[in-house]
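Dear colleague,

Please find the structure below, handed over for your review.

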Amino acid sequence: MIEPGQHIACKKIAFIGMGIAGEDEGFEAEGTIGLDLPQHLIGITDNGGAATGPGPANARPQIIFHKAFIIRLAAHFGLTADTERGGVERLLPDFLAGRIPALGELIDRIGGEQVRNMGTIGGNIANGSPIGDTPPPLIALDATLTLRKGRQRRTILLEDFFIAYGRQDRQPGEFVEAVHVPLPAAHEKFAVYKVTKRRDEDITAVLGAFRLALGDDGTVASVRIAYGGMAATPKRAPAVEAALVGRPWTQASVEAAMAACEADFSPLTDMRATAGYRALVARNLLLRFFLETTGTPGPLGVSRYEVA
């Protein structure tokens, strides 16, 4: 067991806690593995961090994904693995379901049971893949990262972490210590859509994440849209966002904004999808978000259990 404050000299540590440490670098573990302490697991803060972690006064409630393997949730939150529904890999989706339901549903589709049992949010981010599933929704939620090397820490916006393909704002020896995720406000709408060739256990072709707040007059007060699979990094859609802000939340406004996708993205063709298909899907996911947020009857997607 790693004890608090113990210094580890490592050749390479992968998926220790929430990220990846550099070659031949050391860091202070502070209970990275094996300590059932709230601050070393996944915590909820309702007052800006006083409950389980640091945070500014009067900050929005947030979830902190902090140096935790998914399996460690059971020890702290008293969750019981439901073996009929997949065992411990159900813990994180079930935990999130009542807080950010769309994020819980997404995690339920990442990889297979083995991946969900051992994978981490920070590892999915630190890997830097343009088709990683968690960065787009976390960017839409305005998440921040705490990066650490030894006793030095710095916090950056998640969207600023991705610089270019294969390049992230992570200095030699730094690892992703924590991911801070503001909870959507009660009046905000948030959705995530993952498009793959297969329903389960498949790598993403396109993933879209959408967060919307409407004003009292029905116009778009704020919107954050981020995609995976559309660029060399997980990326927001600033032109689409600008085309929506201040406009009424109507199908006409949405269809006009859909055209702005061309200004934001020039996707590639690969074995998972053609560039044209990705561009079409990205536009249509925005339309789907509009339909789902305006009371279109009936679900526009199906669950694993409905397919089965």
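**Surface, fold and salt bridges**

The chain exposes about 14100 Å², of which carbon and sulfur atoms supply 54%; accessible areas come from the Shrake-Rupley method with a 1.4 Å probe, and for residues only the protein chains shown count as cover. This is a predicted model, in which local features need pLDDT of at least 70 and side-chain atom pairs count only at pLDDT 80 or more, while totals for chains, interfaces and linings use all residues. Residues are numbered from 1 along each chain as its sequence is written, and side-chain values use heavy atoms, with hydrogens and water left out.

The chain holds 12 helices and 15 strands (DSSP runs numbered from the N terminus: helices are H or I of at least four residues, strands E of at least two). Of its 308 residues, 51% count as buried (under 20% relative accessible area; exposed is over 50%, partly exposed in between).

There are 12 salt bridges, each a side-chain nitrogen of Lys or Arg within 4 Å of a carboxyl oxygen of Asp or Glu. One of them joins Arg154 and Glu174 (2.8 Å, N to O). Arg154 lies in strand E8 and Glu174 in the loop between strands E10 and E11, 20 residues apart. Arg154 is partly exposed at 26% relative accessibility, whereas Glu174 is buried at 8%.

Arg211 forms a salt bridge with Glu188, with the closest N and O atoms 3.3 Å apart. Because Arg211 lies in strand E13 and Glu188 in the loop between E11 and strand E12, the pair ties together parts that are 23 residues apart in sequence.

Yours sincerely

Notes: Buried < 20%, exposed > 50% of the residue type's maximum accessible area, 1.4 Å probe, protein only.
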